[in-house]
Amino acid sequence: MSSRPLRAALVCPGRGSYLSPELGSLGRAREEGVTEVRTSLDAVVRELDTCRAKRGQPSVMTLDSAERFSPREHLRADHASALILAGSAADLGLVKAAAQAGLIEPVVACGNSLGWYTALHVSGALDAPNAARLVDTMASIQVERGEEGGQLVYPIADDDSWEVDATRSQAVEEGLAAARAAGGQAHVSIWLGGNVVLAGDEPALKVFTETLPPVERKGRTFPLRLAGHSAFHTPLMTEMSGIAQGRLGDLGWRAPEMPLIDGRGVTWSPFHADPAALRQYTLETQVLETYDFTTSVRVALREHAPDLLILLGPGDSLGGPVGQLLVAERWSGIASRADFLERQGSDDPIVASLGRAADRSRLLGLLEAGAKA
Amino acid sequence: MMAPEPDAPVSSTSPLSPKLVSARRVDQRFLDELVELDAQWDPRRRRDLGDPVGGGLTGRDALRLFESQVLSRHLDFEARVMGAAGEGFYTIGSSGHEGNASVAAALRPTDPALLHYRSGAFFLERARQVPGQTPTLDVLLGLAASRDDPISGGRHKVWGSLALNVPPQTSTIASHLPKAVGLALGIERAAHLGVPSPHPRDAIVLCSFGDASLNHATAQAAFQAAAWATERKLPVPVLFLCEDNGIGISVSSPPGWTRTSLASRGRQIAYFEASGLDLVDAHQAARAAVDHVRLHRHPAVLRLDVVRLLGHAGADPEHVYREEEEIFATEKQDPLLCSARFLATAGVASPSELRDLYESTRDRVRACSREAVRRPRLESAADVEAPLAPRDAATIAAEVKRSAESAPTEGRDASPRPMPRVINRALRELLTQHREMLVFGEDVGKRGGVYGVTDRLQKTVGRAQVFDSLLDETSILGMAIGCGMAGLIPVPEIQFLAYLHNAIDQLRGEASSLQFFSQGQHANPMVVRIASLGYQKGFGGHFHNDNSTAAVRDIPGLVVGCPSRGDDAAGILRTLVAAAKACGTVSVQLEPIALYKEENLEPGDGAWKFSYPEPGWHVPIGEGRLYESDHEFLGGGPAAEKADLTIVTYGNGVRLSLLAARALREKHGKRCTVLDLRWLQPLPTQAIVDAATAASAVLVVDEGRRAGGVAEPVMSCLLENQPVDAPWRCARVTGTDTFIPLGPAANHCLPSTDSIREAAESLLGLNDGGEA
């Protein structure tokens with residue numbers, strides 16, 4: 001029996017993936033001894049730092065090497081976005097090393113929200129300098145303008161089974177209707193597996209908070225307001241989109257090198273993607289319309305059938321949503337949370353989350369074994 | 001971290017199953033061609049993907065079409081790999097027909113498309129136009145007959161999708177063409193009436209089919225109907241796509257036959273043709289045809305010259321009826337070769353890029369196939385049957401109530417009327433309550449129906465809802481299916497049951513199967529009224545006295561009502577219209593012609609006229625009507641504690657049985673009950689069991705035939721439910737196994753009051769008229 005590299009889907013995380021456990025993770029990645037990691041990380045950090053220096057901001061590695069995690073600093077849109085792109089870029093290096101070693105074959109890329117920008121880079125549609133400029137510009141516009149509306153997250157799946165709970169989905173529908181009836185601007189911002197991110201103006205957010213039945217999870221109460229987040233993926237961002245288009249008119253776009261799936265579930269083909277359309281989608285469409293991460297992963301699964309979903313770091317924020325999506329799809333025989341956990345504990349896990357120490361060590365171990373062999 | 005390589009793909013070097021031989025040859029020929037093209041490739045030829053390449057396409061458009069073609073091809077290959085491994089169950093493919101992708105590109109995804117089984121590339125190209133679609137796994141799940149197949153749930157491999165506006169059907173015998181015409185007319189009618197439709201106002205209908213099925217009567221009926229409607233100045237926005245590969249299984253079409261036939265109706269149906277091997281030419285012609293239909297709302301036909309590769313299906317021994325040279329010559333015309341040559345020559349893509357696209361598509365199809373074959377299949381008959389007729393009594397009752405409240409019932413005249421007047425009033429009431437309801441059929445408009453059942457309806461409700469159709473039952477039912485799909489509630493009339501038989505596949509193979517093959521996602525609700533059964537005094541012979549109830553009872557999922565009196569007819573109609581609206585139900589009401597004219601139980605008593613039922617009253621599906629032994633029709637008086645006999649019957653049999661039961665009481669003092677089934681499918685089985693339990697004997701009276709008539713399932717029901725220790729005494733009186741003859745001879749073949757009474761006497765041991 002011959003063997004072949006694992007078909008891998010690359011999944012890029014969004015905001016909120018660089019939290020206190022991730023402090024120092026960029027520095028640690030540089031010390032892992034994988035050349036591709038350093039190269040990939042340094043390429044985006046160089047450009048990010050150039051942009052940041054113009055504003056007199058500390059370098060990305062300085063932020064990463066701070067003594068302690070400061071939510072006020074590290075969660076600021078511009079700092080957080082830079083740290084996340086850098087973390088994902090470091091992991092892209094690890095993916096490249098694994099592909100060169102014949103362990104995996106990246107066959108498709110997607111991302112969640114901010115992770116879309118990373119996915120553009122991961123898939124090759126934007127090189128490191130262009131990706132860094134995109135991320136830096138989008139975040140700094142947000143900082144300049146201050147918060148415009150906000151986002152909150154609400155679980156729609158059952159905590160134990162991971163099945164979507166019809167009652168909670170219904171509550172979300174009713175919450176949206178109530179917020180609109182109250183004159184608020186209320187939208188679904190992101191479909192995120194077993195969670196939904198709702199967005200709107202302050203009146204709408206108030207109605208959401210008052211009407212959605214509270215859900216306790218790990219000591220936190222949902223709906224949970226996402227601090228410092230604007231109402232991304234809604235028409236409230238129309239002005240912001242216009243500014244971004246003005247500032248990023250010269251960004252260098254090209255077709256991706258692998259299929260890239262966006263927040264509608266549309267595939268951008270390496271053979272015929274239109275760079276101008278990709279620009280339009282990125283700077284306008286996805287800024288103003290719901291980002292359906294659920295559908296993008298569904299399309300990645302059902303059109304590309306990856307053997308492995310590689311969740312790029314930093315952190316493991318997409319581990320839960322992706323697990324929930326696998327259950328919803330009954331993918332590869334996984335029909336419950338228990339099935340998923342069992343599969344993850346086997347020799348043949350379906351998800352490799354590079355922000356998790358165990359998964360990362362496993363991949364590094366395989367690379368090392370390959371290098372010695 | 002390496003995956004084991006499972007069974008061999010088409011391109012591997014392992015020994016091949018016969019199903020794979022031609023697939024491998026076609027695959028290799030394509031790869032060889034790319035090598036040749038590579039040798040000639042000049043990078044300076046490359047042009048911007050945004051540049052036009054002809055036919056209204058840019059290079060990028062052409063490359064996208066090619067990608068859909070390639071995906072279609074690899075799905076065909078994979079179907080054979082799966083079949084050879086015993087994991088796939090359908091190998092009829094689209095290879096050679098991939099030019100139909102160009103037609104999809106010329107349409108909008110909101111244009112409903114009724115697809116031929118070789119229209120795979122069309123389907124995939126359309127899926128590319130709608131975000132979030134996953135056709136690769138979806139199609140493979142269909143091939144694997146998996147329960148997870150999103151359209152049919154493992155019931156058949158069909159091209160179908162709600163999001164893509166592709167209603168599924170099997171399409172093998174052109175039986176989907178009449179409903180395409182119906183859908184085109186229905187879209188227009190819905191817009192005219194201002195009722196909601198799932199299709200945009202300017203949508204056009206696409207209907208693809210093979211050249212061999214053009215010869216089917218249904219195809220010809222559809223063309224005739226489209227042309228007839230066009231002559232009558234009705235808008236018929238339908239584009240017929242004939243995928244002409246020149247051969248039907250093993251029989252070749254005479255040269256030029258398809259073109260001659262299709263082009264012959266140019267006055268009403270505009271004719272276009274193009275090479276399906278040339279994606280630019282095909283797109284250009286498709287665009288012209290689509291524009292013609294969309295702009296003028298007139299029908300058109302587009303004939304695409306294509307080839308058939310890989311034989312008719314995986315098991316087709318093509319070499320038996322085709323010379324090897326002919327097969328090879330056809331394979332050299334592979335549209336994928338033509339597309340690749342064009343793309344490389346035009347500088348749109350390099351041969352190595354085309355190979356990458358081709359091979360990466362193969363890889364992902366293979367990977368998706370590994371997932372598809374591990375998915376569950378249907379596990380029981382109950383699983384299979386679940387979507388056959390998705391309806392429930394509570395939903396239907398609620399809809400009846402809602403409709404009753406939506407429009408006030410006219411006048412409170414409760415005086416008893418003969419059946420046609422009551423049905424007429426029910427139709428008028430329902431047409432008023434449901435603006436989307438249509439009554440049509442031959443003679444139903446101006447003339448008001450052969451028996452006057454639709455008298456003055458057109459005048460009172462309007463021509464938009466009540467109109468005459470052409471004289472062709474296939475087209476009438478096709479119209480009903482299409483109108484149902486367009487969001488309307490069609491209530492067509494078939495003039496006589498005998499006229500149904502030449503068109504019955506529209507009910508059997510199409511209308512009744514749509515919910516089954518789409519798990520209820522698509523529906524074509526309708527209520528077909530059919531004047532039927534024997535005992536006609538005015539109009540004799542088998543055509544006008546057809547009692548073949550089995551013809552409709554045998555259709556899975558079809559609901560069949562059969563009223564014996566006017567109020568029940570109105571109640572059944574209310575139920576069926578509500579079921580159509582709320583549950584998408586397809587149903588038939590068999591109306592006994594002889595009872596249209598019957599006003600009496602005994603001569604001159606006027607007892608067989610009934611009052612119009614109260615608003616909201618209806619007859620739930622599968623609920624019979626029991627005439628207790630104290631019923632006035634049975635002589636009144638106190639009820640018997642246990643009846644001596646129950647007679648189970650329907651239609652004309654009800655009145656005859658009531659008369660026979662009266663005679664038994666008068667002559668022998670025997671007390672009977674009579675159960676009117678009212679529903680022939682599903683039967684009121686509990687009512688049958690209850691009536692039998694409450695009587696000492698059961699007589700089944702069936703005016704249908706002895707073989708295949710309703711008495712058979714009723715007797716089966718009795719046999720299966722009788723107490724083991726005290727079996728029921730049962731007998732039946734039925735029509736005989738013949739066509740009904742002309743004149744008084746008909747009476748020899750049908751139950752009569754006397755024959756029912758005699759059978760009862762015999763069953764009760766009342767021989768020679770004396771007490772047992």
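Two residues are in contact if their C-beta atoms, placed from the backbone, lie within 7 Å. Helices (H or I, at least four residues) and strands (E, at least two) are DSSP runs, numbered from the N terminus. The structure is a predicted model, in which local features need pLDDT of at least 70 and side-chain atom pairs count only at pLDDT 80 or more, while totals for chains, interfaces and linings use all residues. Residues are numbered from 1 along each chain as its sequence is written, and chains are lettered from A and ligands numbered from 1 in the order in which they are written.

Helix H5 of chain B, residues 135-143, is a place to start. Nine of its nine residues are buried, where buried stands for 20 or more other C-beta atoms within 10 Å of the residue's own, exposed for 12 or fewer, and partly exposed for the range in between. Among them are Pro135(B), Asp138(B), Leu141(B) and Leu143(B). The buried residues of H5(B) pack against helices H2 (59-84), H4 (120-129) and H13 (351-372) of chain B, and also against helix H12 (293-304) of chain A. Just after H5(B), Ala145(B) has a positive phi of about 50°.

The contact between the two chains takes 28 residues from chain A and 24 residues from chain B. On the side of chain B, the elements that give two or more residues are strand E1 (2-4), H2, H5 and H13. H13(B) provides the largest share, seven residues. By class, this side of chain B has twelve nonpolar, three polar and nine charged residues; Ala, Val, Leu, Ile, Met, Phe, Trp, Tyr, Cys and Pro count as nonpolar, Asp, Glu, Lys and Arg as charged, and the others, Gly among them, as polar.

E11(A) pairs in the parallel sense with strand E4 (186-192) of chain A over two bridges, and Asp292(A) in E11(A) is the bridge partner of Trp191(A).

The contact includes Thr137(A) and Ile141(A) of H7(A), and Met240(A) and Arg247(A) of H10(A). By class, it has five nonpolar, one polar and two charged residues.

Chain B has an open sheet of seven strands, ordered E12-E11-E13-E14-E16-E15-E20, with mixed pairing. Its edge strands are E12 (466-468) and E20 (679-681), each pairing on one side only. Neighbouring strands are turned by 20° against each other on average, direction ignored. Strand E15 (559-561) of chain B pairs with E20(B) in the antiparallel sense over two bridges, and Gly561(B) stands opposite Trp679(B).

How values were computed
Pairing = 2+ DSSP bridges. Axes fitted to C-alpha atoms, helices over the stretch in contact; angles between N-to-C directions.
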